[in-house]
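Look at the structure first, then read on.

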Amino acid sequence: MTRSRTTPEEALAYHFEPRPGKYEITASKPMATQRDLSLAYSPGVAVPVQAIADAPETAYDYTVKGNMVAVISNGTAILGMGNLGALASKPVMEGKAVLFKRFADVNAIDIELDTEDADEIIKAVKLMSPTFGGINLEDIKAPECFIIEQRLKEICDIPVFHDDQHGTAVICAAGLINALEISGKQIQDVKIVLNGAGAAGIACLELLKSMGARHENCIMCDTKGVIYQGRTEGMNQWKSAHAVRTDARSLEEAMVGADVFLGVSARGAVTPAMVASMAENPVIFAMANPDPEITPEEAHAVRADAIVATGRSDYPNQVNNVLGFPYLFRGALDIHARAINDEMKIACAQALAKLAREDVPDEVAMAYGRKLSFGRDYIIPTPFDPRLIYVVPPAVAKAGMDTGVARRPIIDMKAYEASLKARMDPTASILQGLHARARQAQARMIFAEGDDPRVLRAAVAWQRSGLGKSLVVGRETDVREKLEAAGLGDAVRELEVVNAANSRHLDQYKDFLYKRLQRQGHDRQDIHRVAARDRHVFASLMLAHGHGDGLVTGATRKSAHVLSLINNVFDAKAVDGAVGVTALLHKGRIIFITDTLVHEWPDEEDLATIATRAAGVARSMGVDPRVAFVSFSTFGYPVSERATKMHRAVDVLDRRGVDFEYDGEMTVDVALNKDQMAAYPFCRLTGPANILVVPARHSASISVKLMQEMAGATVIGPILSGVNKPIQICSTSATVNDILNMAVMAACKVG
């Protein structure tokens with residue numbers, strides 16, 4: 001895999017635009033009327049206040065406490081950057097908060113405490129703990145992190161979890177369960193060497209010992225060598241607990257005959273010679289970030305039988321904390337747990353290990369870019385496996401119930417699993433899967449509008465994200481000036497800038513275009529002007545001749561005009577079967593609206609073609625299509641000639657014998673709301689529609705823009721379908737991210 005790179009400018013823009021920060025608070029109850037306000041606040045709020053005062057456990061029923069986690073740091077150990085202070089840690093803590101929401105639908109809020117005094121932190125967290133269902137400690141340096149977590153566990157009646165310690169430990173344990181199964185070894189028998197005696201390293205060894213690893217078989221090392229019984233230099237009570245009787249004094253000596261190496265230390269700490277000295281089928285978890293103690297290539301060069309994991313996403317077997325903490329808290333919150341204990345952590349590790357041994361869904365394999373199956377290169381599930389949300393939390397919850405930390409046990413586990421499935425946000429996994437497919441494709445993407453800063457930033461992001469090669473149509477001096485103005489002056493060397501005026505292919509392009517357009521009133525001079533001076537046409541000619549793999553355009557001109565220019569080179573008209581499909585992503589749902597680009601007033605035959613094209617787009621994005629032909633009438637009432645063509649389109653699809661669900665005509669609320677749809681038991685759709693075929697382009701445009709402006713929906717499209725080359729047309733209001741997403745669609749040949 002090509003490793004993704006981001007620039008400081010991109011990172012700052014991401015955090016600044018369109019508004020600073022990574023999350024906002026939204027109300028979950030109506031707040032529109034005086035009655036709403038009187039229920040939300042005074043006088044109605046007095047009723048739950050009294051109920052909670054009478055029975056404190058009802059706070060979980062009447063407030064967000066049961067689904068709210070505090071992400072707390074003092075900034076003394078930020079990532080690998082060290083002690084930069086509480087305020088500097090805020091971007092990381094905001095990021096942790098949104099990961100909770102993204103992966104497990106847990107609400108989280110970041111709190112940065114401006115003190116390095118452990119007692120002050122303990123007191124502050126204790127005082128605020130009634131607000132939350134759980135506490136996630138983050139980026140607090142050792143040894144204070146041990147003291148703070150242990151004391152808070154003793155005095156708080158909600159889970160307190162230091163993810164830097166236990167998150168890594170849980171995922172490490174999950175991978176080790178499977179690695180030992182593959183190597184045919186038992187945890188109680190293996191010799192384990194750990195390098196890095198900080199918070200994560202100590203937590204890893206403690207969890208593995210609680211799972212059966214023997215104290216005398218586990219050797220811990222730090223920068224001064226082996227931690228052995230009798231050592232005094234650089235010791236503390238947490239290291240001393242893991243001191244063993246051994247003659248080994250260095251990591252090199254400890255590694256001889258070792259079955260397992262766990263690294264949470266530094267790049268290059270392990271040499272090929274050390275790996276060569278390990279036992280048969282060695283397990284190597286080189287988890288230092290961003291660069292491992294030894295790379296998989298280096299390890300496999302001397303030991304082909306090694307099972308290797310790292311913290312990197314561009315290698316197999318990524319030890320990623322996001323596989324653990326969201327689901328641990330999800331399970332703990334759902335039983336109103338008093339703590340997250342070792343049994344719950346072990347249950348999480350075992351559930352992850354078991355999931356990796358099961359058959360991998362096609363959409364996960366497609367997103368990862370290759371077929372995944374349990375083995376040496378797949379011992380840990382991928383972070384975007386949709387099964388995590390309903391596999392791991394039930395295991396955690398059951399362990400919590402079995403060990404007596406649950407305030408409110410779950411009675412019906414099957415119903416609980418179903419409720420967890422309903423929490424999944426399919427849109428995020430869809431986009432992540434498409435990006436993974438694009439990275440695998442490594443397309444040469446043509447960005448037609450090299451004079452627009454948004455397009456240039458997207459082109460830089462395309463290349464630096466490892467998605468492929470960027471071909472920018474424009475003048476090199478103009479491109480350089482605009483990149484420098486955007487703070488990306490060094491990127492001009494990376495991009496391939498293509499200027500139509502001096503292209504060596506221009507004569508070939510003009511000959512092709514003349515043959516195509518000579519009987520449509522174009523002479524040689526016309527052809528020269530349109531081929532050499534219009535970037536949309538020139539970019540289309542590049543694509544037609546295989547001088548690029550995909551094309552993104554439209555950011556600077558109206559889509560209808562851009563489409564007319566593309567039609568000089570390709571057949572992208574209504575009569576050719578071309579269709580525009582727009583995807584709306586909103587509140588965890590994805591809805592496709594069509595036709596938003598090509599057909600002005602389609603008849604029933606056109607509508608049937610539009611539905612078929614849209615179904616293909618949905619499937620290429622991993623969505624099982626359910627098509628509704630929508631109108632202002634439902635199944636024939638009220639009667640209108642404008643609605644008639646919508647139910648006739650159903651008859652056309654009947655004749656064509658298509659292989660997806662469809663029905664109509666129906667109103668939008670019937671199409672999207674299962675309760676409304678239930679009033680029509682004869683409806684063919686097995687669930688709410690995800691493709692809405694509308695009567696005309698103007699209604700499609702109105703629908704999309706209304707959802708975008710009023711509801712804040714994310715818009716991807718219009719996605720051009722039915723053209724024999726991957727072309728995508730952005731809107732003129734497209735952001736850098738929108739343009740990048742459209743390039744991904746082109747690379748994945750969506751449409």
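Lys90 has a relative accessible area of 29%, so Lys90 counts as partly exposed. Keep in mind that this is a predicted model.

Who is the partner of Lys90? The side chain of Lys90 meets the side chain of Asp110 in a salt bridge, at 2.7 Å from N to O. This pair links distant parts of the chain. Lys90 sits in helix 5 (residues 90-104), and Asp110 sits in strand 2 (residues 107-112). The two are 20 residues apart. Asp110 is at 7% relative accessibility. Buried means under 20%, so Asp110 counts as buried.

Now take a pair that spans a longer stretch of sequence. Asp61 forms a salt bridge with Arg408, and the closest N and O atoms are 2.7 Å apart. Asp61 lies in helix 4 (residues 59-62). Arg408 lies in the loop between helix 17 (388-402) and helix 18 (413-422). The pair therefore ties together parts that are 347 residues apart in sequence. Asp61 is partly exposed, at 41% relative accessibility. Arg408 is partly exposed too, with a relative accessible area of 35%.

Asp478 and Lys482 meet through their side chains in a salt bridge of 2.8 Å, N to O. Why are they separated by about one helical turn? Because Asp478 and Lys482 are four residues apart in helix 21 (residues 476-485). Asp478 is buried, with a relative accessible area of 14%. Lys482 is partly exposed, at 25% relative accessibility. Elsewhere, salt bridges that share partners join Lys90, Glu94, Asp110 and Glu112 into one network.

| Asp61 | Arg408 | 2.7 Å |

One more charged residue deserves a look. Glu144 belongs to helix 7 (residues 144-155). Its side chain makes a polar contact with the side chain of Lys141, at 2.9 Å. Which residues does Glu144 touch, leaving aside its neighbours within four places in sequence? Glu144 is in contact with Glu116 and Ala118.

Key: Residues numbered from 1 in each chain as written. Predicted model: local features only at pLDDT ≥ 70, side-chain atom pairs only at ≥ 80, totals over all residues. Heavy atoms only, no water. Polar contact = N/O pair within 3.5 Å; in protein donor to acceptor, adjacent residues only side chain to side chain. Contact = heavy atoms within 4.5 Å. Salt bridge = Lys/Arg side-chain N within 4 Å of Asp/Glu carboxyl O. Buried < 20%, exposed > 50% of the residue type's maximum accessible area, 1.4 Å probe, protein only.
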